[in-house]
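Visitor: I would like to learn how to read a model like this one. Please take me through it feature by feature.

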Amino acid sequence: MGEPKRVRTACRSCHGGCGVIAHVKDGKVIKVEGDPDSPISHGTLCSKCLAITQLAYHPDRVLYPMKKSDNGWERITWDEALDTVAEKFNDVIKKYGPESIVIGQGTGRDYESHLYRFANLLGTPNVLTAGHMCYVSRVGATLITCGNLPVSDWSGGPRCIVMWACNPQWTNPDEHKGVDFWRAYKKGAKLIVIDPRKGFLAKKANLWLQLRPGTDAALAMGFLNVIIEEELYDKEFVDKYINGWDAFVERVREYPPEKVEEITWVQQDMIRKAARMYAVTKPACINWGVPTEQTLNCTDCTRILTGLMAATGNLDAPGGNAFFVPPPVRTVSQFSRHRDLSKEQWKKRLGGDQYKLASRVALITPKVAWDAILTGKPYPLKAGLLCGTNPVSTRANAREAYEALKKLDFLAVIDFFLTPTAELADIFLPAGTWLEQNHVADNWKRHGYVLARQKAVEIGECWQDHKIFQELGKKMGQEWWDTVEDALDYLLEPAGLTWEEFKEKGYLKGDQVYYKYKEKGFSTPTGKVELYSTILEKWGHDPLPKYTEIPESPVSRPDLIGDYPYILNAGLRTPTFFHSANRMIPWLREIRPDPIVEIHPETAKKHGIEEGDWVFIESPRGRVKERAKLNNGIDPLVIVAEHGWWFPEIKDPGHGWDISNINILTDNSHESMDPVMGATSLRVLLCNISPCEDKEEKMQ
Amino acid sequence: MKKVSLMFFKKDCMGCHSCEIACKQEHKLGVGPRLVKVIEKAPDFIPVYCHHCARAPCLESCPVGAISRNERGIVLIDNQLCIGCKECVEACPFGAMQFDENTEVAIKCDLCYERLQNNETPACVRVCPTGCILWGDMKILFERIEEMTLNES
């Protein structure tokens, strides 16, 4: 008994990073508090982090390895579990080659270094992540354009902030958290919000541009058009540091504000005002969100937004979009040993010839994995290991994902709970939460920090993900370390620190330098910002970015609008959940008990739908139901729906995975994807709505 | 001793619900009673919370004197004395008074009385990412809200 022990650590309930003080009593975490000294969160915390004790000690959490037998799930030892996975994988390698094993993860959760090391040493190029349409796609597109990911420099004091399809105070900001944005905003920065939905920030904004979902790239071209026509760009930067400016200008001239108004539904006056405000207020940053990536315009939209930063001289400028200097620790890439994947294996990456940018950043789009499993072409995938991912909920065309995973000869899953995806597995490996791990956290991010996430407790027989990859790797003869902490010493070595020393320090920050290009140029083939991309040109693609009409929209498919008259803006994020996680957490579910579809009051009235009714949402590919919430802050032609829903309280193995799963409706055909990245169109499609026969009951 | 209270600067509430979970954690509450609650009416968010009113209808309505005000002005309920009649729940003009179905007594915000004694801020205030929850001396609170409203415009 006595006073609780306080363990300083870092959250990972989303991408993580917020500073936490965990109170531990009698070997149990009884409470978590924000760490006021955290450079990331400054003492604040979100609901997901605050509810961690309800997740860690949840009665449904699986606390030991299991195998599926004829009698259902059966408890086994770690040795038996890892031996089984190793044996199955070795069989596949012998018969088909290592490329027939797919390794997958969900969103970035600080184990990509270990997951990729395992995959590379195994010899499979087929790593399936969310990266084709989330963050990594942005990293990839900026790598080929300006050599690095430009990140909003909140502490540098932006005077104008463009919040582009992003709500960092609600969900999962990749680098810095919403609290840093808020501080910058509160210092009096101007705010421009690009969002089809009137949210909290739209209300705060100096200018709110309510665009047609999915037309971000066209809107950004409209901004550039105004900036170029009115000569508001940074001439010196453009002359010295942009490759192909003249060709780019020619392309931009194809997007005058009047045409952009037609495409985006944003009034041309608003486009002009916003473009001017962004261009003349210095410094200014653009803070972008994943909706810019989750259409076939993924790569081009990122490149156009980078063009805006570059043309206005805000690239790598204090208070603009900076390239943050990382602390001197080994990178995810070095730890992962990407270079050790042989050329021969590299060439076998599924879809590698088609989705060249995805291949460049070492991942595959899910479609090619599902195709390989279901059709055996170009070669079959036979076995898989998925960590912290629920693709049957979160990937486009969820039904195909479900069928494919079901068909794998062998599947092992690493997770906390038996999710609908985990239920399809043969072996379940129980992962530790962030309270149960030692790690150099945030190492994959580009904000210039690494953080000490230190273990507060151990629960059941759960292992932190890193240990699972390490021990499985060792079973398969791979080169790893004796302990998780030995590997952390290796990561930290260049900083001259051991894990024990780093733990005491809490975090490391890189020494930030701005305008690095003035000395070294940009890390691209021409050393300049490649708005005209020599890499895309080499790959046989249009070297200049453009807006491509959304493949399923009122413009591109007038034939469909009779049956599907609305634009479905799918994938609304909410602050209490992280993608498909947390639906079993009592505190969080109390706040949001049901999946929500937002409908404009006029539209709802037309269909006889009232607030709280269960509503069918239907696309050309299927039908699901969510609960209506009326919102007059959206266009009457736009329907907004939450994603990630399944129902842990439904005890059959499907856990109601297809009842409210918005990705039953989304498309993953090759034609609907970004041609170089394989980003799927998770955000924009056509739909219709109708009240459910029984408006009260969802479980039928 | 100075009288203290709690106040939200509503315009800066962005509906993250962190205050709710921090409160649940601090008071070891399960599903049911929500001593602070944010109602979403996009794009607005309406926090529902105990104002520790100068004239507290809950206190006045209680037939058994289970609700009292302490030396710092914090309105508290004694769950040993509460008979579960819900008069206070009816009386509260804000909807802040809660009823715990498990223990069958009323329950309310105690402004994290124990934390205040340890010189800590209330749990909801501590986590709020926009700093829209204020606590402290009543007079100063009103001044700060006024100042924030001016800055907003």
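Guide: Start with burial. A residue is buried if 20 or more other C-beta atoms lie within 10 Å of its own, exposed if 12 or fewer, and partly exposed in between, with C-beta atoms placed from the backbone. By that count, 62% of the 700 residues of chain A are buried. In chain B, buried residues make up 40% of the 153 residues.

Visitor: What should I know about the model and its numbering?

Guide: The model is predicted: local features need pLDDT of at least 70, side-chain atom pairs count only at pLDDT 80 or more, and totals for chains, interfaces and linings use all residues. Residues are numbered from 1 along each chain as its sequence is written, while chains are lettered from A and ligands numbered from 1 in the order in which they are written.

Visitor: How many helices and strands does chain A have?

Guide: Helices (H or I, at least four residues) and strands (E, at least two) are DSSP runs, numbered from the N terminus. Chain A has 26 helices and 27 strands. Chain B has six helices and eight strands. Along the sequence, the order in chain B is β-α-β-β-α-β-β-α-β-β-α-α-β-α.

Visitor: What is the radius of gyration of chain A?

Guide: The radius of gyration is taken over C-alpha atoms, and the globule rule is 2.2 Å times the number of residues to the power 0.38. Chain A has 24 Å; a compact globule of 700 residues would be near 27 Å, which agrees. The C-alpha atoms of chain A fill a box of roughly 70 × 65 × 60 Å along the principal axes.

Visitor: Which residues of H3(A) are buried?

Guide: Check the helix length before the faces. The expected span is 1.5 Å times one less than the number of residues. Helix H3 of chain A (residues 78–96) has 19 residues and should span 27 Å; its end C-alpha atoms are 27 Å apart, which agrees. In H3(A), the buried residues are A:Ala81, A:Leu82, A:Val85, A:Lys88, A:Phe89 and A:Val92. They cover an arc of only 130 degrees around the axis, which puts them on the same side of H3(A). That arc is taken from the directions from the helix axis to the C-beta atoms. On the other side of H3(A), A:Asp79, A:Lys94 and A:Lys95 are exposed.

Visitor: What do the buried residues of H3(A) pack against?

Guide: Two residues are in contact if their C-beta atoms, placed from the backbone, lie within 7 Å. The partners in chain A include strand E4 (66–69), strand E6 (101–105) and helix H20 (465–475). Just after H3(A), A:Gly97 has a positive phi of about 100 degrees.

Visitor: Where is A:Met476?

Guide: A:Met476 is in the loop between H20 and helix H21 (484–492) of chain A. With 18 C-beta neighbours inside 10 Å, A:Met476 counts as partly exposed. Beyond its neighbours within four places in sequence, A:Met476 is in contact with A:Ala86, A:Phe89 and A:Leu122. A:Met476 and A:Phe89 are 387 residues apart along the chain, yet their C-alpha atoms are separated by 8.8 Å.

Visitor: Which peptide bond has omega near 0 degrees?

Guide: The bond from A:Lys377 to A:Pro378 is cis, with omega near 0 degrees. A:Pro378 lies in the loop between H17 and E15 of chain A. Another cis bond joins A:Lys282 and A:Pro283, with omega about -10 degrees.

Visitor: Is A:Ala362 buried or exposed?

Guide: A:Ala362 is buried, with 22 other C-beta atoms within 10 Å. Phi of A:Ala362 is near 65 degrees, a positive value in a residue other than glycine. A:Ala362 is in the loop between H16 and H17 of chain A.

Visitor: How many residues of chain A are in contact with chain B?

Guide: 27 residues of chain A are in contact with 19 residues of chain B. H25(A) gives the largest share of the chain A side, four residues. Sort that side by class: Ala, Val, Leu, Ile, Met, Phe, Trp, Tyr, Cys and Pro count as nonpolar, Asp, Glu, Lys and Arg as charged, and the others, Gly among them, as polar. The side of chain A that touches chain B has 13 nonpolar, 10 polar and four charged residues.
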